[in-house]
Amino acid sequence: MKEEHKEGAHGHKEKYKYGMVIDLDKCTGCGACMVACMTENNVPFRKDESNKLVSTAWMRVFKATNGKSYPDIDVCYFPRPCMHCEGEHGHAPCVSVCPATATDYNYETGIVSQIYTRCFGCRYCMAACPYHARYFNWWDPVWPDKMEKALSPDVSPRMRGVVEKCSFCFHRFQRARDHAYAEGRREIREDEYQTACTQACPADAIIFGDLNNPEHKVYKLKKSPYAFRLLERLGTNPKVYYLSTRSWVRRAGDNYLAGERSK
Amino acid sequence: MSAQHEKKESAASSPIVIVFFIIGLAVSLFVGWSIFPKLLYSQKKQPIDFSHSIHLDAVGDCESCHFFREDGSFSGIPELSNCVECHEEAQGEDPEEIKLIENYIEPNKEIPWLVYSRQPDCVFFSHAAHVKMGELECKTCHGMIGESDHVEIYEENRITGYSRNIWGKSIGGFKSNTWDRMKMDDCAECHEEHGTNQACFVCHK
């Protein structure tokens, strides 16, 4: 893994660090991000999706309440994609345990990949992931009649027996990079690469961009005093930040136990 | 005493064993190198026997037909509209050209070309990165197709459905030119040489 740190033929290294900032005070829990993600990434579904334990959703909105009764009750929705943990030097929990090298940390973009043709479905990564961001295909995907023709050719469909997860719409990065190359540029602009959930959010609660680039919106937002990441104490170093002015939300996100010291 | 006996017996039977071994080996190699590839790959003809050399002489470069779109994506195999630009009416009496006009241009039907370099679903290949930024020549991966007079027979793997050009013609897996194969190892080999990013999401999707 040291190789990625060395300079490439054109002298670039660790170019981008893509991440997301989700404003939980703006999120209404409508689920548009989930729908957009399903269609964008050819995520399979079944006729009966009532058993959520075995259903697949790369982006899943989680509902949390402050546990009080009316009129003090407050509800917060957490849209949860893959957190693309960096850990220390790219040692994401899932990447470290995969025996097939079917998932790796891309130092160029900071995105944790999942290669379906390489995965053999041992599900160690699912056990290692503290965010439940990974999903297992218990069945071969079956799309309703004619819907197969509407699948995106940019995202490879999965089969039974492999694990899948959010890729930060990596195919959109590939497309944006192609466009930049064709124009003789090496840099990708902020608006050229945006995830499907970001664009679908009607409340503009999801902001996506390069966390290392001071010109990108996420750079400033992640430094907000209201910004936090889920289960930060585990040292996963995730790249999805959440914003909330409500202190109970921040505490819920950091997930401290009753007697545990918070920060 | 008994050890001596055994030794004697094995020495006596060895010529027959060797003969059988050689016959068995020859049969296995024959089956593996000659019969198995024929069974594994079906042979398909392209709809039209296209001559790259004639067209290259006429238009001058690869990019006239295999061009980049404005968004940076690569057009790949030309559409019928590219052909119509010159072949709306027959330019000569070549039977292949007449086939093109009668079967495809007049009924306005796309030509169902068989793509030799079609990669599996999970592969992302960027022509822009290799041709525009990497400044690779077409022939580095595609070989001398531009100089061919006839299209070669398309061999399809009956199990996987992929073209034999991906696996390579050599059944032993030997490779003497960069364009002999299009497997992941071949991509990785060049990426390693040039110090390019080796992460999975560079070539996968």
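## Two chains, chatted through

Me: How many residues of domain 1 of chain B are in contact with domain 2 of chain B?

Reply: 5 residues of domain 1 of chain B are in contact with 6 residues of domain 2 of chain B. Two residues are in contact if their C-beta atoms, placed from the backbone, lie within 7 Å. This is a predicted model, where local features need pLDDT of at least 70 and side-chain atom pairs count only at pLDDT 80 or more, while totals for chains, interfaces and linings use all residues.

Me: Which parts supply the side of domain 1 of chain B that touches domain 2 of chain B?

Reply: α1 (2–40) and β1 (41–44) of chain B each supply at least two residues of it. α1(B) gives the largest share, 3 residues. Helices here are DSSP runs of H or I with at least four residues, strands are runs of E with at least two, and both are numbered from the N terminus.

Me: And what classes are the residues on that side of domain 1 of chain B?

Reply: There are 4 nonpolar, 1 polar and no charged. Ala, Val, Leu, Ile, Met, Phe, Trp, Tyr, Cys and Pro count as nonpolar, Asp, Glu, Lys and Arg as charged, and the others, Gly among them, as polar.

Me: Where do the two domains of chain B run?

Reply: Domain 1 covers 2–42 and domain 2 covers 113–202, with bounds from an automatic or database domain assignment. Their centres, taken over C-alpha atoms, are 37 Å apart. On numbering, residues count from 1 along each chain as its sequence is written, chains are lettered from A and ligands numbered from 1 in the order in which they are written.

Me: What is chain B built from?

Reply: Chain B has 8 helices and 2 strands. From the N terminus on, they go α-β-α-α-α-α-α-β-α-α.

Me: What radius of gyration does chain B have?

Reply: Chain B has 25 Å, whereas a compact globule of 205 residues would have one near 17 Å. The radius is taken over C-alpha atoms, and the globule rule is 2.2 Å times the number of residues to the power 0.38. The C-alpha trace of chain B spans about 90 × 45 × 30 Å along its principal axes.

Me: How about chain A, why does its radius of gyration agree with a compact globule?

Reply: Because a compact globule with 263 residues would have a radius near 18 Å, and chain A has 19 Å. The C-alpha atoms of chain A fill a box of roughly 60 × 45 × 35 Å along the principal axes. Chain A comes to 7 helices and 10 strands.

Me: What share of chain A is buried?

Reply: In chain A, 41% of the 263 residues count as buried, and in chain B buried residues make up 10% of 205. A residue is buried if 20 or more other C-beta atoms lie within 10 Å of its own, exposed if 12 or fewer, and partly exposed in between, with C-beta atoms placed from the backbone.

Me: Which residues have the most contacts inside the largest nonpolar core?

Reply: That core has 62 residues, and those with the most contacts inside it are A:M20, A:V21, A:I22, A:V112 and A:I206. A nonpolar core is a set of buried Ala, Val, Leu, Ile, Met, Phe, Trp, Tyr and Cys residues joined through C-beta atoms within 7 Å. Leaving aside neighbours within four places in sequence, A:I22 is in contact with residues including A:C27, A:P79 and A:L243.

Me: How many residues of chain B are in contact with chain A?

Reply: 22 residues of chain B are in contact with 25 residues of chain A. The chain B side has 9 nonpolar, 9 polar and 4 charged residues.

Me: Switching topic, what is up with the backbone at A:H132?

Reply: Phi of A:H132 is near 50°, a positive value in a residue other than glycine. A:H132 lies in the loop between α3 (124–128) and β6 (134–136) of chain A. A:H132 counts as exposed because it has 10 C-beta neighbours inside 10 Å.

Me: Which peptide bond is cis?

Reply: The one from A:Y70 to A:P71, with omega near 5°. A:P71 is found in the loop between β2 (60–65) and β3 (75–80) of chain A.

Me: Where is confidence lowest in chain B?

Reply: In α1(B), at a mean of 81, while strand β2 (residues 154–157) of chain B is highest at 93. The mean pLDDT of chain B is 88, and 94% of its residues reach 70 or more. pLDDT is the predictor's confidence in each residue, from 0 to 100. The model scores ipTM 0.80 and pTM 0.86.
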